Amino acid sequence: MPSAPKLVKRNWEQDKVYLIQFPRTGCIPSPSPYSLKLETWFRMAGVDYVNVSNEFKHLSKRGQQPFIELNGLQISDTSIIINHFISNGQGTHLNTVIPRDKAIEHAFYNLIEHHFTWLGFYSRSQSFKWIGTQDGYGRAFSGLKAFFLKTFVIPRFESKLKKKCEGQWIGTLTNEERISELKKDIDAISEQLGEKKYLMGDEPRTIDATLFGHLAEVLYTPQFTDAIKKHIEEKTPNLVAYMNRIKEKYWPDWQEIGQTLRMDTQWKN
């Protein structure tokens, strides 16, 4: 029998949810779309959680972040984590029950997490230098640590992503083809949203946390091209309003996080 993974939070409290993720950055609460997705879902679902920094070294037994620790157990993969809470009666109002809507949600989940997400991966494979600036971790590192981050860590990360992208559909395209494909994704999402408050209607669903996490990385962090962001702002203003709506309701501490880099900001009134 495999041994249990070593816990990051050793002195844990019963029934308290510990969300292990990267430290905060200046321009966005997390540079990981999956962290932003999960934390947004926790806020939508009303799950009480405590953020814990992974200190750039702690990953789950699957080699992933974010992950959670709950009652001495580790659960990883954002979709598995969300399903765990839903199966235990939390966030059930975010889980669509109508079969037709479930089918639509599933289709958009795959579009977002298995197609659109490669925009971010590809972009950071071209340049991830912003992560070492004030918009990233520039205020958290100084001296030798900052030198090591910029000279070794960032180039190595870019190189790893380049190899991943080369093995995926996005790595086989020209830049013009990449931009065209990603605009199609955005247009499809915008068409589904229409004039609704959320992707499936007037109330948020799990798919909205997923979309917010991935689209935020495109809108609020530097990309390999400004064509995608311009397309969103000029051609799909309903998506801009949608993102602002979610930020206002579930991330009122967004600006405070960017200024202080604190992981324990209060967002509930």
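The model is predicted. The protein contains nine helices and four strands, in the order β-α-β-β-β-α-α-α-α-α-α-α-α from the N terminus. Its radius of gyration is 18 Å, close to the 18 Å from the globule rule for 269 residues, so the protein is as compact as a globular protein of that length.

**Whole protein**
- The C-alpha atoms fill a box of roughly 50 × 50 × 45 Å along the principal axes.
- Of the 269 residues, 50% count as buried.
- The accessible surface is about 13800 Å², and carbon and sulfur atoms account for 52% of that surface.
- Of the contacts between residues at least 6 apart in sequence, 75% link residues at least 24 apart.

**Helix H1**
- H1 covers residues 33–45, and its 13 residues should span 18 Å at 1.5 Å a residue; the end C-alpha atoms are 18 Å apart, which agrees.
- H1 is mostly covered, with 12 of its 13 residues buried.
- The buried residues include Trp 41, Phe 42 and Met 44, and also the charged residues Lys 37, Glu 39 and Arg 43.
- Gly 46 follows H1 and has a positive phi, near 75 degrees.

**Phe 157**
- Phe 157 belongs to helix H4, residues 143–166.
- Phe 157 has a relative accessible area of 35%, so it is partly exposed.
- Apart from neighbours within four places in sequence, Phe 157 contacts Arg 124 and Phe 128.
- Phe 128 is 29 residues from Phe 157 in sequence, yet their C-alpha atoms are 8.1 Å apart.

Note on methods
Residues are numbered from 1 along each chain as its sequence is written. This is a predicted model: local features need pLDDT of at least 70, side-chain atom pairs count only at pLDDT 80 or more; totals for chains, interfaces and linings use all residues. Side-chain values use heavy atoms; hydrogens and water are left out. Helices (H or I, at least four residues) and strands (E, at least two) are DSSP runs, numbered from the N terminus. The expected span of a helix is 1.5 Å times one less than its number of residues. Buried means under 20% relative accessible area, exposed over 50%, partly exposed in between (1.4 Å probe, protein chains only). Contact means heavy atoms within 4.5 Å. The radius of gyration is taken over C-alpha atoms; the globule rule is 2.2 Å times the number of residues to the power 0.38. Accessible areas come from the Shrake-Rupley method with a 1.4 Å probe; for residues, only the protein chains shown count as cover.
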